[in-house]
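Please keep the sequence and the model in view while reading.

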Amino acid sequence: MTTSPNPAPSKGLEPAEGDVILAERFAPWVQALGLSVVEAGSRHAVLRLPWSDQLARDGGGLSGQAMMAAADTATVVAISSALGGFAPMTTVQQSITFQRAARDTDLLVTARLTKLGRRIAFAEITLATPDAPDDPVAHATTVYAFPG
């Protein structure tokens, strides 16, 4: 489903609807991360980034590039959920701080919208292991714009 950006409240997407966005709207290299939607609501989305040796860097920790891509992708799903479906959008800014290593574990990537306007959206993203949700691996912020 494609909609125009509209900050009117949405009940959110079902996880399967979010997974369709992942499959249809992202490049193959993003799809290769294996992300799946765990939950999507009116102002947030939670994605699972599964552990893979292919995403590990020297030393065995999950690579920062994979975490940045996951945070960016989670933001798209959170915005789409808030809008009730996918709409064209583009990343304007993204910043991330890495707080500890993630080794041999999936990550839950939680994107929460802090502002959703007609032309721009802001989000905060937390990446944490399922067994330690209050001890983040990384924290990111994103800004998205809606063209047109």
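Contact here means heavy atoms within 4.5 Å. With neighbours within four places in sequence left aside, L49 is in contact with L33, L35, L55, L62, A66, A70, D106, L107 and V109.

## Basis of the model

This is a predicted model, in which local features need pLDDT of at least 70 and side-chain atom pairs count only at pLDDT 80 or more, whereas totals for chains, interfaces and linings use all residues. Residues are numbered from 1 along each chain as its sequence is written, and side-chain values use heavy atoms, with hydrogens and water left out.

## The sheet

Helices (H or I, at least four residues) and strands (E, at least two) are DSSP runs numbered from the N terminus, and two strands pair if DSSP finds at least two bridges between them. Six strands form an open sheet with antiparallel pairing, in the order β1-β2-β4-β5-β6-β3. Because β1 (36–40) and β3 (90–98) stand at the edges with a single partner strand each, one side of each is left without a neighbour in the sheet. From one strand to the next the twist averages 20°, where axes are lines fitted to C-alpha atoms, for helices over the stretch in contact, and angles run from 0 to 180 degrees between N-to-C directions.

Strands β4 (residues 107–116) and β5 (residues 120–128) run antiparallel and are joined by eight bridges; V109 stands opposite L127 in β5.

## Helices on the sheet

Helix α3 (residues 64–83) packs on the sheet and touches β1, β2, β3, β4, β5 and β6 (138–145), its direction making about 50° with that of β4. Helix α1 (residues 15–25) lies across β1 and β2 (44–49), and runs at about 135° to β1.

## The nonpolar core

A nonpolar core is a set of buried Ala, Val, Leu, Ile, Met, Phe, Trp, Tyr and Cys residues joined through side-chain atoms within 4.5 Å; buried means under 20% relative accessible area, exposed over 50%, and partly exposed in between (1.4 Å probe, protein chains only). The largest such core has 46 residues, of which L47, L49, I79 and L127 touch the most other members. The largest share of this core, twelve residues, comes from α3.

H44 lies in strand β2 and is buried, with a relative accessible area of 15%. Leaving aside neighbours within four places in sequence, H44 is in contact with E39, A78, S81, A111 and R112.

G41, in the loop between β1 and β2, counts as buried at 8% relative accessibility. Not counting residues up to four places away in sequence, G41 touches K11, G12, S81 and A82.
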